[in-house]
Amino acid sequence: MLFILFFIFQFCFHPVVSLTSDGLALLTLKSAVDGDAETAFSDWNEDDITPCHWSGISCANISGESDSRVVGIALAGKGLRGYLPSELGKLIYLRRLSLHTNLFHGSIPVQLFNATSLHSIFLHGNNLSGNISPSICNLPRLQNLDLSENSLAGVIPESLGNCSQLQRLILARNNFSGDIPVNPWPTLKNLVQLDLSANLLEGSIPEQIGDLNSLTGTLNLSFNHLSGKIPKSLGKLPVTVSFDLRNNDLSGEIPQTGSFSNQGPTAFLNNPKLCGFPLQKQCTGSAPSEPGTSPGLARQHVNRSKKGLSPGLIIIITVADAAVVALIGLVVVYVYWKKKDKSNGCSCTLKRKFGGSGNNERSNLCCFCWSLGCVKGFKSDDSEMEESEKGGGGGGGGGGGRGESEGEGELVAIDKGFSFELDELLRASAYVLGKSGLGIVYKVVLGNGVPVAVRRLGEGGEQRYKEFAAEVQAIGKVKHPNIVKLRAYYWAHDEKLLISDFISNGNLANALRGN
């Protein structure tokens, strides 16, 4: 009898050990995934006391809680196929949910937003559908929201403005439609990244996006159906922000204020109705854009309509055209006889590597064809030094000194070890880095991937070649770790270029201001 009572006591009053509530919520995720991905959950056992040692699960000790609580789920790139269970919203201490690059389908459950400790949601690279619930901003700590590369649709909710802590909003490559909302942007004071590219968005770009003062990196609105003019307010964004407005239906003239001055032509490509700098397409009836989008590019003229011209103006234009043709003929004759008299004539068929060396002075000279015509070639720094040693003040002959006119169109290598084809410089895409009274500075990436900085000083002006070359040679000899190294230079009557290393650490103004 005593034995039976002892057995009943042990059975009825012995404490039963069971899995925590967080563990039970996680098991619903395991159940929601198809069986062929069981390897990702091989150690998820319902007989365990805690899920804190399960694969992809992280826990932390929470003040006032006796057990460790789940704060992170990281199961990205596991090939998981299934749906997101609503029970994930019961993980009230969950901070980071990372299930990206899987095969989850269906909608994002509204109950997920009951996990009010969430600050990062990474669900990109799945096949989720439906829309974004306005209750997403019930998450007061939400900082990172990446839902890109899914099949989400509907409009982007205005309620995103309530996510005041949001830092990154990435909704690219979905099926969102309608207008970009107007109201959220002024309240998102901490937003550093905004990517709405590759959707079905239409309408105009809201001026309020210009209030995103914390934005860095790229503002990406490309590959949509946006129309209308680009708001000038975008110029208020930090100068470090790059625009990507490609492949839309934007129209009008590109603004030239603020951060617009730092954008290259790539930012506005495939908008047929856009015009103005930095595009080569000028706006009808407006003044010409700033010269060129790459160093050495010839100035282009606008074809203006001549409808309704008076007879007197037609006569003047005809006479002017005849005078221009006659002048061109004289120039051609002059150039022909001048070249005929020189023993070292220029041929546009000869091409050599910039900075190369040869056996004699002739081998160091080459010519290249540009939009300005056949421009006299360039010499290496060695050949120029040889000439300066040989020639005194003599002129005329082929072996003596060099006249002022003979210095035209020369590209001189200061650093012999820096080698590239001249055509690379002329064909490469150029991006404006900055402008000043001394000219425009471009970033040019050569064919071998090496970036260089090219300062375009504009027309040669009254400064003679020898004076310019002497100054540049003196600068080229300066060697100091805090001074950018000059690699080469080019001089002509209508063009002066300085080619130097590209340094990607910002400018002096940013350094002084601590930006």
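The legends below describe close-up views of a predicted model.

**View 1. A salt bridge joins Arg-69 and Asp-22 in the predicted model.** Side chains of opposite charge can pair when their charged atoms come close. Here the closest N and O atoms of Arg-69 and Asp-22 are 2.9 Å apart, and the pair links distant parts of the chain, since Arg-69 belongs to strand S2 (residues 69-74) while Asp-22 belongs to helix H2 (residues 21-32), 47 residues apart. Arg-69 has a relative accessible area of 12% and is therefore buried, and Asp-22, at 3% relative accessibility, also counts as buried, because buried means under 20%. Glu-65 takes part as well, for Asp-22, Glu-65 and Arg-69 are linked in a network of salt bridges.

**View 2. Arg-173 and Glu-149 meet in a salt bridge between two loops.** The distance from N to O in this pair is 3.6 Å.

**View 3. Arg-487 and Asp-501 form a salt bridge between two strands.** Their side chains meet with a distance of 2.7 Å from N to O. Arg-487 is part of strand S27 (residues 486-492) and Asp-501 is part of strand S28 (residues 495-501), and the pair links distant parts of the chain that are 14 residues apart. Arg-487 is buried, with a relative accessible area of 16%, whereas Asp-501 is partly exposed, with a relative accessible area of 22%; the two residues fall into separate classes because the cut-off for buried is under 20%.

**View 4. Helix H3 (residues 311-341) includes Leu-327, which contributes to a nonpolar surface patch.** The UniProt annotation "transmembrane region", taken from an unreviewed entry, covers residues 313-337. In the model this span is 100% helix and 0% strand, and its end C-alpha atoms lie 36 Å apart. Leu-327, Leu-330, Val-331, Tyr-334 and Val-335 make a nonpolar surface patch of about 500 Å². Among these residues, Leu-327 counts as exposed, at 54% relative accessibility, because exposed means over 50%.

**View 5. A cis peptide bond runs from Phe-277 to Pro-278.** The omega angle of this bond is near 10°. Pro-278 is found in the loop between strand S18 (273-275) and helix H3.

**View 6. Ala-198 has a positive phi although it is not a glycine.** The phi angle of Ala-198 is about 55°, and the residue lies in the loop between strand S12 (193-195) and strand S13 (200-203). At 28% relative accessibility, Ala-198 counts as partly exposed.

Note on methods
Residues are numbered from 1 along each chain as its sequence is written. This is a predicted model: local features need pLDDT of at least 70, side-chain atom pairs count only at pLDDT 80 or more; totals for chains, interfaces and linings use all residues. Side-chain values use heavy atoms; hydrogens and water are left out. A salt bridge is a side-chain nitrogen of Lys or Arg within 4 Å of a carboxyl oxygen of Asp or Glu. Helices (H or I, at least four residues) and strands (E, at least two) are DSSP runs, numbered from the N terminus. Buried means under 20% relative accessible area, exposed over 50%, partly exposed in between (1.4 Å probe, protein chains only). UniProt positions are given in the numbering used here, feature names are shortened, and annotations may be inferred rather than shown by experiment. Patches are made of residues with over 30% relative accessible area and no salt bridge: like charges are joined within 9 Å, nonpolar side chains (Val, Leu, Ile, Met, Phe, Trp, Tyr) within 5 Å. Accessible areas come from the Shrake-Rupley method with a 1.4 Å probe; for residues, only the protein chains shown count as cover.
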